[in-house]
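Before going further with this entry, please read the notes below alongside the coordinates.

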Amino acid sequence: MSKIPFGPTYDEMLHPELLDPAIKKLSHEAKKNELDPMNLFNIHWKNEDGVVNKIVLPKAITNVDANIVVMLGKYFPSGSHKVGPAYSTLIEGCVDQTIVPGKHTILGPSTGNFGIGVAYICNLMKYDSIVIMPDNMSKERYDRIRRYGAKLDLTPGTESDVILTLERTFELKKNPDYRSLAQFELLPNYRFHRHVTGLSAVEAVRGIGNGRIACFTSAPGSAGTIAAGDQIKKVFPEAKVVALEPYECSTLMNGGRGQHRIEGIGDKMCTLIHNVLNTDFVCLIKDDDAVRGLKILHDGETVLKEAGISHEQFENMRDLFGVSGVCNIIGAIKMAKYLKLGPGDNVVTVATDGFDRYPSVLENLEKRYLETVDFVQRRWFKDIFVDMDTSHILDYRPMEMKEKLFRQKEMDWLKFGYSQEYLDAMRHMDFWDSEYEKIHHYDALIIKMRGE
Ligand SMILES: Cc1ncc(COP(=O)(O)O)c(C=O)c1O
């Protein structure tokens with residue numbers, strides 16, 4: 001067996017605090033140089049003390065009794081947790097020996113962050129890579145992908161932008177030297193989030209409220225992150241899992257496929273790896289509420305101060321979220337109200353990335369609104385956070401609602417060559433549990449192949 005560039009197991013990504021002290025030391029030092037391969041061991045949700053990176057939002061902002069706990073993806077290497085699924089998919093291919101260094105070029109179909117993760121991981125693990133993404137994403141994304149040395153293959157940002165990246169990948173994959181880290185289809189994405197994100201979420205609420213999770217909200221792009229809900233439900237069976245979609249692109253709710261401004265989510269499909277059995281509610285968020293909400297949390301110190309937020313709280317919070325993170329927060333607030341959660345209850349959500357890749361989005365907001373002065377921001381703060389309503393929430397627990405999602409998945413995936421039998425297998429929890437169990441197999445192989 002050939003030795004692979006070494007990296008962590010699924011369990012080590014969940015429990016980096018248990019790593020060999022020498023590896024821990026080297027990986028902490030590697031943070032000074034983001035292209036040091038030891039950063040592979042920094043792919044996890046935790047800080048150097050082994051505590052999950054998170055913020056409990058001040059109630060002066062959420063105006064709900066429940067605690068809204070946001071897990072912070074910006075501290076992952078490359079600046080977003082999408083590097084986790086990128087690494088997991090590549091390492092599984094390495095140990096399965098379907099992906100060979102020096103022979104295969106890696107394809108990363110994406111709306112940006114996964115592409116950044118793929119470009120980054122391929123740089124660290126010495127693969128050539130091509131990121132396939134729409135041409136209308138934020139400028140900061142393209143800059144980073146180029147910086148990590150990947151090639152960009154841009155598809156038109158139109159009505160069906162992500163579908164076009166999939167079609168383009170489908171074409172490129174005909175080249176036998178290309179291997180796709182197909183985040184929408186491949187189960188390492190599911191495994192990473194169910195195990196690493198799900199169980200990190202369980203740790204994140206220790207000591208907060210009743211220490212349990214009442215609700216988990218996540219706006220699916222690939223629907224990797226929402227897989228955390230599968231493991232959260234194993235630990236806290238009462239937890240409700242909520243898929244958030246842009247109001248302008250409500251594919252899961254009613255087949256809607258419009259353009260919207262929340263980069264990374266609302267990809268106009270039910271992805272293959274989305275376990276809809278565990279999606280209890282679908283909730284729509286207006287895209288500009290997420291952008292304006294980001295403006296408030298990043299630039300609205302005056303308005304937030306009036307609500308009781310201190311300068312220190314504001315400074316600690318302002319760079320933690322991107323647009324989809326704010327969408328997830330708004331969804332968490334709506335669900336806390338809808339489910340009538342109390343002070344002991346926790347709603348967990350995720351900020352996939354931080355503000356660093358969105359200055360251009362706020363510049364664009366300024367141009368569109370011309371004035372974003374305090375009195376405008378005061379109105380936005382009230383409408384988007386304090387007085388947010390519980391509209392556009394649908395209960396997807398009844399079987400006929402699940403059926404809608406199964407049918408959407410068939411429409412989206414039979415055309416890419418997946419069989420009806422495979423899709424039917426996904427109607428049963430056994431399918432998902434046995435896919436999840438494979439982490440033990442892969443962890444053993446990673447340890448065996450990386451050697452000492
Ligand atoms: C900014 C952002 N938010 C949310 C998501 C959605 O996460 P997931 O693909 O795990 O559903 C993505 C995915 O790329 C993203 O880039």
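The numbered points below go from the domains to the sheets and then to a helix contact.

1. Basis of the notes. This is a predicted model, in which local features need pLDDT of at least 70 and side-chain atom pairs count only at pLDDT 80 or more, whereas totals for chains, interfaces and linings use all residues. Residues are numbered from 1 along each chain as its sequence is written.

2. Domains. The protein chain is assigned domain 1 (54-77 + 197-395) and domain 2 (82-184), the bounds coming from an automatic or database domain assignment. Their C-alpha centres lie 26 Å apart, and the contact between them takes 21 residues from domain 1 and 20 residues from domain 2, where contact requires C-beta atoms, placed from the backbone, to lie within 7 Å. On the side of domain 1 that touches domain 2 there are 7 nonpolar, 7 polar and 7 charged residues (Ala, Val, Leu, Ile, Met, Phe, Trp, Tyr, Cys and Pro count as nonpolar, Asp, Glu, Lys and Arg as charged, and the others, Gly among them, as polar).

3. The sheet of 7 strands. An open sheet with mixed pairing runs in the order β1-β2-β10-β7-β8-β9-β11; strands are DSSP runs of E of at least two residues, helices runs of H or I of at least four, numbered from the N terminus, and two strands pair if DSSP finds at least two bridges between them. At the edges stand β1 (54-56) and β11 (393-395), each with a single partner strand, so one side of each has no neighbour in the sheet. The twist averages 20 degrees from one strand to the next. Within this sheet, β8 (residues 240-246) and β9 (residues 281-285) pair in the parallel sense over 5 bridges, and L244 has C283 of β9 as its bridge partner.

4. The sheet of 4 strands. A further open sheet, with parallel pairing, has the order β5-β4-β3-β6, and its edge strands, β5 (151-155) and β6 (178-180), each pair on one side only. Here the twist averages 25 degrees from one strand to the next. Helix α5 (residues 113-125) packs on this sheet, touching β3 and β4, and its direction makes about 175 degrees with that of β4; such angles run from 0 to 180 degrees between N-to-C directions, and axes are lines fitted to C-alpha atoms, for helices over the stretch in contact.

5. A helix pair. Helices α11 (residues 287-299) and α16 (residues 374-386) pack at about 120 degrees, with their axes 10 Å apart. That makes α11 oblique to α16 (under 35 degrees counts as roughly parallel, over 145 as roughly antiparallel, 65 to 115 as roughly perpendicular and the rest as oblique). The contact residues include R292 of α11 and W380 of α16.

Technical notes. Contact = placed C-beta atoms within 7 Å.
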